[in-house]
Amino acid sequence: MKLKIKFLKWSAGFPVAMLHEKTAKEIGVHAKERVSIKIDHKEFSTIVDVVEGLFQKNEIAVSAELKESLGLKDKQEVEVIIAESPKSMGYIKKKLDGGILSQKEMNEIVNDIVSNSLAEAEIALFISAMHEQGANMQETIYLINAILSSGNRFSLNNRFVVDKHSIGGIAGNRTTPIIVPICVAAGLTMPKNSSRAITSAAGTADVIETLAQVEFSINELKKIVRKTGGCMVWGGELKLAPADSKIIQVEKILGIDVESLLLSSIMSKKLAVGSKYVLIDIPYGKKAKVTKKKALHLKNKFESLGKHYKIKLKAVLTDGSQPIGNGIGP
């Protein structure tokens with residue numbers, strides 16, 4: 001069905017559209033189902049909501065995120081049809097049944113996450129499958145490769161591009177704002193991009209945002225790093241690993257931090273900015289995410305991945321039995 005784009009100056013936090021209820025009936029789509037928007041040679045799958053009275057039957061209202069993704073213009077005509085179920089859903093079910101995913105299958109899942117072809121519930125199913133069935137080292141590498149290929153890469157020609165990352169979960173852990181300036185002042189290059197919180201109240205990006213802007217374009221970030229030697233930013237806006245940001249959003253809702261997704265999240269962010277020397281902090285203890293036994297297991301996994309990707313990576317175990325420092329909140 002041919003429909004005209006309608007802007008309502010509305011942001012949903014992710015690409016989404018709204019249809020008039022009469023139009024939805026004609027197309028045969030219900031709220032929370034997917035439609036495919038075709039324009040020129042581009043096609044984009046999105047979740048729809050169904051409303052009455054905000055706009056005309058021949059219009060489709062799109063969020064600011066969808067407008068930006070497709071470069072849409074007000075009153076522009078597009079073709080809207082029911083979207084087919086993504087092929088990646090079959091691969092997610094395969095994983096849920098205990099199967100081993102190939103590089104091609106992992107690429108398909110990640111590409112569908114990035115293109116908004118999978119709804120939050122379907123991403124949650126993928127997270128649950130990885131949580132319940134686990135992933136071997138080869139699958140984790142496939143996932144890292146898929147996340148890397150789905151986003152931007154940040155190339156720096158400096159010899160000593162360094163990074164550090166904590167698996168988090170410890171209250172008051174505010175080491176990044178101290179470590180990054182010290183390393184940069186010593187002449188190292190440290191393009192630190194962080195996640196927002198997953199299982200704790202505030203991640204590094206949330207903390208820095210109380211003091212400074214953390215969302216930049218890739219070109220703005222290059223200028224910052226060339227001028228200062230480092231940065232402390234949120235990785236999501238840079239689209240360095242866009243699938244990772246979407247997976248983290250759903251993980252936070254579920255309140256779980258899956259091992260293979262944790263490994264792929266951290267490694268993809270480090271590799272995307274060209275880090276050659278990486279330090280991973282793994283806090284363990286009663287109130288931490290992991291026990292000492294699990295921490296040693298993660299250390300081995302991280303260091304194996306470092307060897308695979310030919311970077312110098314060291315993982316250290318630290319005391320996570322109590323809060324770090326005297327601060328409360330971000």
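Me: How many aromatic pairs does a search of the whole structure find?
Reply: The search of this predicted model turns up one aromatic pair.

Me: What makes Lys67 count as sitting over the ring of Phe7?
Reply: The charged end of Lys67 is 4.5 Å from the centre of the Phe7 ring. The cut-off for the distance is 6 Å, with a second condition on the angle to the ring normal, and Lys67 is described as sitting over the ring.

Me: Which residues of H3 and H5 meet?
Reply: From H3 come Met89, Ile92, Lys95 and Leu96, and from H5 come Glu122, Leu125, Phe126, Ala129, Met130 and Gln133. Sorted by class, the residues of this contact are seven nonpolar, one polar and two charged.

Me: What is the angle between H4 and H5?
Reply: H4 (residues 103–114) packs with H5 at about 145 degrees, and the axes are 11 Å apart. The crossing of H4 past H5 is left-handed.

Me: How do you know which classes the contact of H4 with H5 has?
Reply: Look at who takes part: Met106, Ile109 and Ile113 on the H4 side, with Ile123, Phe126 and Met130 on the H5 side. Met, Ile and Phe count as nonpolar, and the tally for this contact is six nonpolar, no polar and no charged residues.

Me: And why is H4 called oblique to H6?
Reply: The axes of H4 and H6 (residues 137–149) cross at roughly 45 degrees and come within 9 Å. Roughly parallel needs an angle under 35 degrees, and roughly perpendicular runs from 65 to 115, so H4 is oblique to H6. H4 passes H6 in a right-handed crossing.

Me: What makes up the contact between H4 and H6?
Reply: H4 brings Gln103, Met106, Asn107 and Val110, while H6 brings Glu139, Tyr142, Leu143, Asn145, Ala146 and Ile147. By class, that contact has six nonpolar, three polar and one charged residues.

Definitions and conventions. Residues are numbered from 1 along each chain as its sequence is written. This is a predicted model: local features need pLDDT of at least 70, side-chain atom pairs count only at pLDDT 80 or more; totals for chains, interfaces and linings use all residues. Side-chain values use heavy atoms; hydrogens and water are left out. Contact means heavy atoms within 4.5 Å. Helices (H or I, at least four residues) and strands (E, at least two) are DSSP runs, numbered from the N terminus. Rings of Phe, Tyr and Trp (its six-membered ring) pair if their centres lie within 6.5 Å; planes under 30 degrees apart count as stacked, over 60 as edge-to-face and the rest as tilted. A charge sits over a ring if NZ of Lys or CZ of Arg is within 6 Å of the ring centre and within 35 degrees of the ring normal. Axes are lines fitted to C-alpha atoms, for helices over the stretch in contact, and angles run from 0 to 180 degrees between N-to-C directions. A crossing is left-handed if the near helix is turned anticlockwise from the far one by less than a right angle, and right-handed if clockwise. Angles under 35 degrees count as roughly parallel, over 145 as roughly antiparallel, 65 to 115 as roughly perpendicular and the rest as oblique.
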